[in-house]
Amino acid sequence: MERLFKHICLVARHSKPGITPALMQLANHLAAGGATVLIDKESVTPDEANGYPLIDRTDMGKLADLCIVLGGDGTMLSIARLLAPYRVPLVGINQGRLGFMTDIPLHEMLDSVDAILHGKFVPEDRILLQAAVVREDAEVASALAFNDVVFSRGAVGSMIEFEVFIDNQFVYSQRSDGLIVSTPTGSTAYSLASAAPSCTRRCRPSRWCQSARSRCPTGRLPSTTPARWNSCSPAGWTRACTSTASCTAT
């Protein structure tokens, strides 16, 4: 049977001990099977690459049919955000630690990858959130979020006050440390740590929870206009407007 993916990019966390031999073992295995192997240039040095082309992460979506990540969930998150606009499939190889997204163990790497290349897999789409920070009607930052968008008080020592809108409809105003807007994938991350419920990865709506509401310190609120959080559907975008709080996407 002809392999489904012919141009495969490999990514690993170079600082992790022992990762390079596993990466090169996979590269040699794929090349022996007829695949064109590309390696992220942040994952190995030119000497370690053994002649395989090294590419920028920003070019992976344009050049690869499939991306395989050796490492943990953090590496998967960063690569997923880069590949999402190109809809390039992503496979995670776990390096021995707990991983919710890197679910193929290292000792099954070669057999599992061969099965995937021959069509023995079930594709699974994941929801992402688009976040933007807007100040004075100007967008100052934007990002894709695979796990969650966290709207927090940043360096402010006391609680912040903000309003929540969904599809431009007011929901409520809130005083707390912030707000977590989570995808189903991210419901087992920061959201779960803040006592919010988890949900299955196929669940369509996003979830949000107040960040550390019961542990918020009392004190004077920042003397600025309350922030406004405007959230559309998960397939659309989320937007935060504030002059004192911070917004991060993972």
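**Chat about a sheet and its helices**

Modeller: Let's start with helix H1 (residues 19-32), which lies across E1, E2 and E4 and runs at about 175° to E1. Axes here are lines fitted to C-alpha atoms, for helices over the stretch in contact (heavy atoms within 4.5 Å), with angles from 0 to 180 degrees between N-to-C directions. Helices (H or I, at least four residues) and strands (E, at least two) are DSSP runs numbered from the N terminus.

Colleague: And what does H3 touch?

Modeller: H3 packs on the sheet against E1, E4 and E5, and its direction makes about 170° with that of E5.

Colleague: Before we go on, what kind of model is this?

Modeller: A predicted one: local features need pLDDT of at least 70, side-chain atom pairs count only at pLDDT 80 or more, and totals for chains, interfaces and linings use all residues. Residues are numbered from 1 along each chain as its sequence is written, and side-chain values use heavy atoms, leaving out hydrogens and water.

Colleague: Fine. What's the strand order in the sheet?

Modeller: E3-E2-E1-E4-E5-E6, an open sheet of six strands with parallel pairing; strands pair if DSSP finds at least two bridges between them.

Colleague: Is E4 mostly covered or uncovered?

Modeller: Mostly covered: six of the six residues in E4 (66-71) are buried, meaning under 20% relative accessible area with a 1.4 Å probe, protein chains only. Leu66, Ile68 and Leu70 are on one side, with Cys67, Val69 and Gly71 on the other.

Terms used:
Buried means under 20% relative accessible area, exposed over 50%, partly exposed in between (1.4 Å probe, protein chains only).
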